[in-house]
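Q: Please take a close look at one part of this model, then at the packing elsewhere in the chain.

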Amino acid sequence: MFYGHFKVTYLTHESFKVSEARITEILNKEISYIENMAMPEEKTRNLLKSIDEFIFSRQNPELVIIRCKYPYKLDIKISLFGRKKLVRKTKKQLQSIVYKHTIKTFQLKMTANQYEYLLENCIHELKDIENEYKDDCVKIRIRLKEFSAPQYLIDNIKQKIRELMIQIVTCQFHKIGNSITLTNDNNKQLNRIARHNYCRIEKLETKTEMKVYSIPKALSPSVNISNSIMLQSNEFVSALSMRKMSVLNGSIEIYLTNQSDSIPRDVTIISSPAGAAEERIEYMSDNGYFEMKTGRKFLFHRWSPVVSDDDRTNQKLKKSIEKFISSTLQSVTTCYSNLEKIVYLTNEWENIGAQQQQQQQLLASSIINEVKQEIETRKVDWRILFIFNEQQTNFYKEFCDVLVKMQTDKDGFAQFSSPVSVIQITLAASSNLNLIKCENEITDYVQKHILANKTLSNEFDVRKWDQHMINAFYKYSLNQSVLPNMDLTNNSQIQLVGSMSNVEKTIEKYKLMSEIFKQKSTLQIPPPVAARTSTRSKPIDLKAYNIYFSFCQQDQTLCNRINNCLKGEGYVLYETPTNVSRFQSYIDKSDVILIAFDEEYLENSHSISELNYTKSARKKIIPFVIRNNTKENSWLSSLTIAESFYDLFDTEIDIEFKDDFDLEYDKLLTKLLRYTKPGTTGKTYAETTALPKITKSNDDYEEAAFGHRSIALQKVTPEQRRESETAYQEKLAKKIENEKIPNDEINSSVADLTVVIEYLEEIVREGVTYSKPHSEEHDTYSIGPRGWELDENLISCMQQFSNSIRRWLNKSPNVIRGNIIPFTPTGDINDAIFLIHQSPNDPSFAQNYVPLDHSPSDKYFSLFNSNPGSCFNSEQSHDYFQKLVESVKIIKDIEARMIDNTIKSKTDKPDDNNNNNSNEKNIADGFRTPEEMRKIEQLDNPNRIWKKTKFTEFIELKIKNILEFKELCEKWK
């Protein structure tokens with residue numbers, strides 16, 4: 001029912017006339033009334049709010065909107081009265097609002113994995129969505145796979161739930177360099193891995209950014225450091241073109257470069273026309289701001305540091321600097337927000353006065369102190385950068401000296417800036433498990449084929465390295481485009497990021513440096529001698545030399561460099577002399593003969609004479625190869641050198657100077673240190689232990705064995721691992737208590753095992769005979785006289801057996817009859833670490849095999865090429881063909897022998913009575929002719945004449961074996 005009132009006005013003017021018929025016509029044709037418009041059953045607060053806002057905005061003298069509210073209820077009734085056109089239009093608009101806010105129920109389409117994931121992991125997130133739209137009465141009933149919401153929110157709610165079902169993760173990989181090139185094959189493999197794990201790559205992008213890294217400060221002083229290491233360190237430090245000082249969370253940095261635009265910044269402050277010319281923009285005479293279309297921002301503030309004659313205390317200069325720094329920083333903060341990097345161009349600042357050097361020192365100190373004070377006062381994390389060009393080198397050094405004095409331990413020894421390329425891969429998946437698997441497989445693929453990320457933890461503590469070693473290692477790593485990160489404060493781990501091949505070379509460099517340092521730290525080596533250029537003057541005749549260096553004149557340049565480096569280490573060398581008749585005496589007086597081998601060496605008669613005499617004198621030979629890549633058919637030359645090297649020296653090539661002098665020189669020095677020591681001549685040493693091993697974590701061992709860590713193990717957090725370990729120890733204590741062996745049995749076993757240990761120790765100590773009663777109750781163990789001694793392998797086995805018994809005795813009396821399950825963080829026995837006790841000094845445990853590569857092959861990531869021959873180069877194809885010919889020849893020879901033997905067995909049918917006698921003979925007799933047997937017997941004849949007498953040790957051993965075997969045969973006849 002319509003509630004309201006009419007206001008009727010009667011006019012007495014004569015011209016006013018109205019009739020009842022006219023009023024009825026107006027009411028029927030032009031006036032409309034709608035009572036109680038239809039409303040949804042469930043009314044939301046946003047619906048009522050929208051209706052109120054609509055009524056307020058639609059006020060009209062010819063339209064009345066009647067709204068009835070009920071206290072304490074979300075209910076409303078609306079009626080309309082007015083002109084028909086207005087009422088009809090208003091009704092449609094209100095119906096649109098009502099429809100928009102009408103709550104409807106929608107079904108969710110999802111897989112079983114998505115349904116389980118939402119129930120297990122996203123209940124709180126779903127509640128957050130309901131709370132976000134509580135004024136619209138949004139309800140999500142995930143167990144029924146449905147939700148209810150107003151019509152206008154349907155798509156938003158669907159999108160939010162879909163985002164919960166689709167997990168997003170971003171993988172980032174860094175590499176030093178301007179760019180990382182991903183080939184089409186790389187992109188295909190990455191997408192294939194994503195599809196294989198039911199994921200998709202949302203975004204794959206590469207970008208480059210400049211970053212600043214610190215070189216750690218050494219914790220140990222310099223002791224017996226290789227001269228080559230010192231040279232590399234000095235070259236590296238002198239080439240650094242930036243310095244940094246930390247201030248709170250910000251920094252002050254200086255750069256020396258002619259390419260200032262390569263350094264990223266938020267705003268550039270220019271104080272002179274020369275600075276504007278360097279940035280290739282027009283200089284503004286008045287102070288002000290300028291922003292280019294490319295987004296580069298500039299602040300022009302004209303200023304030049306000038307010292308007046310009457311300013312003896314330099315107060316005017318200091319006030320000028322203070323005003324310039326404070327005003328420019330205040331101006332940029334007023335005009336620009338969210339600043340991080342602010343650059344000052346220092347052009348023309350060096351032209352400060354007559355006493356230029358002193359004034360430059362004062363200027364540098366005042367500017368740096370003023371900027372430091374500004375950062376500390378404002379408490380901002382700004383990076384203030386001062387850029388110098390190559391013509392300002394001396395001025396840059398003044399700033400550098402001031403900055404270095406003000407640095408703290410947080411800044412390290414020095415800093416370097418480098419472009420760093422980043423691969424960023426965004427993955428999306430509906431299952432968290434699939435996402436983890438995909439992320440691990442992509443990481444594995446990138447580290448094997450694009451980038452590698454290795455962490456080294458070693459037996460040798462890098463905290464013992466001095467600053468020269470750290471600098472040299474950083475220099476080599478950066479030259480190999482490998483980013484090193486060495487933390488000396490908490491641990492001695494080194495992280496290396498770069499391509500797989502370069503990272504492996506850097507690891508080898510690290511191992512060589514550690515071995516050289518370990519070798520030299522145990523010696524009293526004279527101080528290093530500065531390297532000098534060899535002039536090939538007449539050598540000084542000494543009584544003894546460490547090294548006799550034999551090389552060809554064509555290799556003079558490289559060998560002189562090696563010669564100077566070795567002399568710098570403290571070695572006494574004698575180079576290949578020009579007087580051919582006297583070289584024998586110098587070889588006799590040298591401990592080690594160093595030979596630089598290449599094709600010319602083979603053709604040089606003097607070099608071959610030196611080599612032959614060295615072999616006849618039984619001197620230790622250390623050969624290395626010099627490669628010349630400029631020659632045509634280098635692969636053929638490489639093959640020739642390898643074959644000749646093996647023929648002459650009976651060993652493979654292990655040192656090869658080709659394109660990495662520092663690495664190969666360290667290999668050479670490491671090998672030399674094993675046989676001859678600087679400062680000691682006339683004595684050679686036995687070869688020492690191999691290079692230090694890189695200690696691997698449990699995760700590394702699992703990856704080496706299986707190629708990856710299990711998914712369950714990857715999901716275990718450190719907290720969960722600690723909780724599992726605590727529970728495991730509690731269960732272990734209960735198991736030992738319940739299944740413990742009785743004390744009387746333990747005591748009896750301990751007594752018996754103690755006797756066994758004493759017995760084994762006595763055998764090892766006596767070596768030949770031993771007889772001793774163990775107890776009155778036991779028999780007497782005795783060993784008769786032996787005519788042979790215990791060898792090293794047998795002694796080692798006995799020691800290992802004794803160690804295993806001791807380990808058992810150490811655990812007693814806490815021992816049980818059964819085995820104890822090892823600890824596993826996941827509960828799966830496949831994730832447990834099984835310990836194997838072994839002696840580090842036992843040669844039987846030395847690794848004498850090539851580790852098996854369990855990683856997936858290339859076929860796992862790519863399709864087989866249609867032309868497999870394209871995978872080989874010429875040298876590899878030649879090797880493959882030779883192996884194929886040899887294998888086919890062996891097979892044909894075996895098949896021919898089998899056919900001959902079959903025919904012979906059919907034609908020669910021996911009597912049954914003779915079978916036993918024939919079996920007693922050598923079985924091989926039936927397969928060899930008398931001529932072949934005669935040749936074999938001749939080979940086993942100890943009185944035979946040997947053609948090649950250079951293998952004397954082998955010949956003597958073979959004769960000894962033949963005689964012992966005949967003696968054994970005679971004994972057992």
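Does E569 count as buried or exposed, and at what relative accessibility?

A: E569 counts as buried, at 2% relative accessibility; buried means under 20% relative accessible area, exposed over 50%, and partly exposed in between, with a 1.4 Å probe and protein chains only. This is a predicted model, in which local features need pLDDT of at least 70 and side-chain atom pairs count only at pLDDT 80 or more, while totals for chains, interfaces and linings use all residues. Residues are numbered from 1 along each chain as its sequence is written, and side-chain values use heavy atoms, with hydrogens and water left out.

E569 lies in helix α16 (residues 556-569). Helices (H or I, at least four residues) and strands (E, at least two) are DSSP runs, numbered from the N terminus. In sequence E569 is 341 residues from S228, yet their C-alpha atoms are 7.8 Å apart in space.

The whole structure holds 35 aromatic pairs, where rings of Phe, Tyr and Trp (its six-membered ring) pair if their centres lie within 6.5 Å, and planes under 30 degrees apart count as stacked, over 60 as edge-to-face and the rest as tilted. F324 and W349 have ring centres 5.9 Å apart and planes at 85 degrees, so this pair is edge-to-face. The relative accessible area is 2% for F324, which is buried, and 1% for W349, which is buried. Ring pairs join F324 and W349 to W303, Y344, F386, F388, F395, Y396 and F399 in a cluster.

Next, the helix pairs. Two packed helices are described by the angle between their axes and the distance between the axes. Axes are lines fitted to C-alpha atoms, for helices over the stretch in contact, and angles run from 0 to 180 degrees between N-to-C directions.

Helix α7 (residues 184-196) and helix α13 (residues 432-449) pack at about 160 degrees, with axes 9 Å apart. α7 and α13 are therefore roughly antiparallel; angles under 35 degrees count as roughly parallel, over 145 as roughly antiparallel, 65 to 115 as roughly perpendicular and the rest as oblique. Contact means heavy atoms within 4.5 Å. D185, N186, Q189, L190, I193, A194 and H196 of α7 make the contact with C438, E441, I442, Y445 and V446 of α13. By class, this contact has seven nonpolar, three polar and two charged residues. Ala, Val, Leu, Ile, Met, Phe, Trp, Tyr, Cys and Pro count as nonpolar, Asp, Glu, Lys and Arg as charged, and the others, Gly among them, as polar.

The axes of α2 (residues 45-57) and α3 (residues 84-100) come within 10 Å and cross at roughly 155 degrees. α2 and α3 are therefore roughly antiparallel to each other. From α2, L47, S50, I51 and F54 meet T90, Q93, L94, I97 and V98 of α3. Six residues of this contact are nonpolar, three are polar and none is charged.

For α14 (residues 467-479) and α15 (residues 500-521), the axes come within 10 Å and cross at roughly 160 degrees. α14 and α15 are therefore roughly antiparallel. M469, A472, F473, Y476 and S477 of α14 contact K505, T506, K509, Y510, M513 and F517 of α15. This contact divides into seven nonpolar, two polar and two charged residues.
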